[in-house]
Structures are given as C-alpha cells and as structure tokens.
Amino acid sequence: TERRRARQTAYNLEHDIVPCTIRKGIRDIMEGARPAGRARGRRRVAEPAPAYGPTDPQRAAAQLRKLEKKMRDHARNLEFEEAARLRDEIRVIREQSLGLPAAVDRVG
C-alpha cells in the first residue's frame, strides 16, 4: 500500500494534480419506485395514467395475464422499478375495465 501511495503521490506532483474529495448530491434510493403523486422534495410532472374504458372481460383478463407475467419476469431479473410500474398498470386495468376493487391482488 505504501509503495502504491508513493507512486500515486509522485505521479500527482509530476502532473500538477491536486487530489480532492468527490462531492455528489444525495439521491433517494427509492426514486422512481414510488408513484408519481407521492414525490418528496422535487416536484415531478406525473405521467398520465393510461385510460382503460369498458372492454371485453376475456380480453382484459388476457391482457392482465400478459402484464402479470411481464411483471414477474422483471422482478425475477431484479428490475423492480419496471415491475412496480406494471403492478400499478395492472391495478388500473382491474379498477377501470373490470370494476374490481384495488385491494384484490393475487399472489402466485
């Protein structure tokens, strides 16, 4: 360690480099995972929620199955923000298209 430190110091002197501490802003680790309406600190423009009107129940159920599979795949690949976005979209489809309450979430 001392040998590397001596080499680094010599290099810095030779090239007129003054070491300094990195100064970065602190970001919220959950930024992007929360719904847009519950942002802290900064104001963000919320993306409009997709509008789902009354539709054929079989078509809506097929779309829900497809989105749930994508959501699980994203979660399996540790892409939690995308999985959360799909979860919210599924909730909207259940509420608007099928008239189901938001609290009805399947575990599986």
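Author: Here is a friendly tour of helix α2 (residues 57-76).
This is a predicted model, in which local features need pLDDT of at least 70 and side-chain atom pairs count only at pLDDT 80 or more, while totals for chains, interfaces and linings use all residues. Residues are numbered from 1 along each chain as its sequence is written, and side-chain values use heavy atoms, leaving out hydrogens and water.

Mean pLDDT (the predictor's confidence in each residue, from 0 to 100) is 77 for the protein.

Now to α2: its 20 residues reach 28 Å from the first C-alpha to the last, close to the 28 Å expected at 1.5 Å a residue; that expected span is 1.5 Å times one less than the number of residues. Ala60, Leu64, Leu67 and Glu68 are buried in α2, with buried meaning under 20% relative accessible area, exposed over 50% and partly exposed in between (1.4 Å probe, protein chains only). Seen down the axis of α2, its buried residues fall within an arc of 110°, so they line one face of the helix. The arc is taken from the directions from the helix axis to the C-beta atoms. The cover over these buried residues includes α3. Turned away from the buried side is a face with exposed residues, among them Arg59, Lys66 and Arg76. After α2 comes Leu78, with a positive phi near 60°.

Methods:
Helix = DSSP H or I, 4+ residues; strand = E, 2+ residues; numbered from the N terminus. Contact = heavy atoms within 4.5 Å.
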